[in-house]
Amino acid sequence: MGFAKTNASRQIDQLIDSLPEPEVGPQRREYSGKFNVRIPKSLLAALASEAEAEGVSLNQLVLAKLALHLQVR
């Protein structure tokens, strides 16, 4: 994927890697599966362009990128 090779992608990876591990507790929350996030227009344009080049929706591309960071390392 083209965006994955950019400096912006590496910076995002570093920020995600620096986040603390979520606390695991006895309570379990219900999630809707939706959330809104604000990103720079230039990042949105890059993601949309990559999604189009890959032949997938923007949602599918972002989901795949997020899932990569949730894999056990």
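Biologist: In what order do the elements of the protein chain run from the N terminus on?

Modeller: This is a predicted model, in which local features need pLDDT of at least 70 and side-chain atom pairs count only at pLDDT 80 or more, while totals for chains, interfaces and linings use all residues. Residues are numbered from 1 along each chain as its sequence is written, and side-chain values use heavy atoms, with hydrogens and water left out. Helices (H or I, at least four residues) and strands (E, at least two) are DSSP runs, numbered from the N terminus. The protein chain has three helices and zero strands, and from the N terminus on its elements run α-α-α.

Biologist: Are α2 and α3 roughly parallel or roughly perpendicular to each other?

Modeller: Axes are lines fitted to C-alpha atoms, for helices over the stretch in contact, and angles run from 0 to 180 degrees between N-to-C directions. The axes of α2 and α3 (residues 58-70) lie 9 Å apart, at an angle of about 105°. Angles under 35 degrees count as roughly parallel, over 145 as roughly antiparallel, 65 to 115 as roughly perpendicular and the rest as oblique. The two helices, α2 and α3, are therefore roughly perpendicular.

Biologist: What percentage of the 73 residues in the protein chain is buried?

Modeller: Buried means under 20% relative accessible area, exposed over 50%, and partly exposed in between (1.4 Å probe, protein chains only). In the protein chain of 73 residues, the buried share is 11%.
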